[in-house]
Amino acid sequence: MTGMLPYGRHSITEDDIAAVADVLRGDWLTTGPQVDAFEADLAAWTGGVGVAAVSNGTAALHVAYAAAGVGPGDEVVVPPMTFVATASSAVALGAKIVFADVDDETFCLDPAAAAAAVTSRTKVVAAVDYAGHPADYDALRGSVAGSEALLLADAAHSIGGTYHGRPVGSLADLTTFSFFPTKNLTTAEGGAVAALDPWILRRARRFRGVGVVRDRDELRFADEGGWHQEVHEFGLNYRLPDVLCALGRSQLRRLGEFKARRAALVARYDEALADLDGVLRPTRRSWADPAWHLYPIRVLDGRRREVYDRMRAAGIGVQVNYLPVHWHPAFADLGYRRGSCPVAESFYSQQLSLPLYPGLGDAEQDRVIDALTAALRVGSVRSAA
């Protein structure tokens, strides 16, 4: 039998390996020049918005919330159709999560639901660019109008995408990225935070560095020697080392190529599945140029589990993204209940991610399409009989 096709996979070249090896032969493995260079390279994709590299995507969210001043008594609005870290990293700072439903086309945060969730205690409204499709950021700006809440874009899926021609990373007050191996580029583990306000970016960089202050003009005990450093606010060690930043820089040179290949695969899926009964294809808004991290179909008539099992048995590594965050036992233990976000919950019951990554060949994609068609046909034939 042919091996299992994963739903996502990294794309590593000899250039990537050489970039890492060069750092390993040098003087800096961490806190060196590759970090600043990677941040500058990333800023070229955010429209010039400043960036802080961090150790992973969850750390990026934690750093962003901390930089925004999230703490006990604050509320953070989050859509449930995301990985749990979008919410749990704010809980770690003492915040209360308020879940707001997603829209029924892109399954990104619904601006009307977000507006209804905002209160005087709201510190951050966190949108998620689900599957790589940007949320409706202009409408979300309207959702927080009149409040002091900051808008955050969880762009773990969407680096390289655009909204009304504006790049992801420039659309919200804060933007977080993930560079996990299945994402649109990888540093093995890694992430980043972009911030429109230089002061907030400074707070982010300080938090990811354990809160250490070294600038002489900021020290409270400036008469100490050149060794002196201070901590004014607690942070954590969320630094991304030079060796991984070098990998990220090499990957960024091919981000446009990665994005184009993902778009071509999406177009092939769209064409092949256009007339296939029992599934719905993902929607793209006219104002969006998605980065397409996922290809999320909907399997109708309650057949998602059956189709998932049949495709896995056929060697197709389909996945489900995601269990609604408020369904996790940790949130149930805090009093959150099913039924509060019906659009997200209905979508979850149907959602299935087909394999999508730059190295997926046309013949391999045809294998996915054939397996999906066969899985749907088996149940249909049984029902007809």
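**Group meeting: contacts, cysteines, a sheet and a helix pair**

Let's start with V320. Setting aside neighbours within four places in sequence, V320 is in contact (heavy atoms within 4.5 Å) with R304, Y308, Y348, Q351 and L352. V320 lies in the loop between α10 (304-313) and α11 (329-332). Helices here are DSSP runs of H or I, at least four residues, strands are runs of E, at least two, and both are numbered from the N terminus. One more distance for this residue.

A word on the source. This is a predicted model, where local features need pLDDT of at least 70, side-chain atom pairs count only at pLDDT 80 or more, and totals for chains, interfaces and linings use all residues. Residues are numbered from 1 along each chain as its sequence is written, and side-chain values use heavy atoms, with hydrogens and water left out.

Next, cysteines. How many disulfides does a search of the whole structure find? Zero, with a disulfide being a pair of cysteine sulfur atoms within 2.5 Å. Are they buried or exposed? Buried means under 20% relative accessible area, exposed over 50%, partly exposed in between, with a 1.4 Å probe and protein chains only. C108 has 1% relative accessibility, so it counts as buried. C341 has 0%, so it counts as buried too.

Now the sheet. Three strands form an open sheet, in the order β7-β6-β13, with antiparallel pairing. Two strands pair if DSSP finds at least two bridges between them. β7 (166-167) and β13 (288-289) are at the edges; each has a single partner strand, so one side of each has no neighbour in the sheet. β6 (residues 162-163) is joined to β7 by two bridges. In one of these strands, β7, R166 is the bridge partner of Y163.

Last, a helix pair. α2 (residues 33-43) and α8 (residues 242-252) pack at about 30 degrees, with axes 8 Å apart. Axes are lines fitted to C-alpha atoms, for helices over the stretch in contact, and angles run from 0 to 180 degrees between N-to-C directions. The two helices are therefore roughly parallel, a label for angles under 35 degrees. Which residues meet? On α2, they include V35, F38 and L42. On α8, they include C245, R249 and L252.

Definitions and conventions
Angles under 35 degrees count as roughly parallel, over 145 as roughly antiparallel, 65 to 115 as roughly perpendicular and the rest as oblique.
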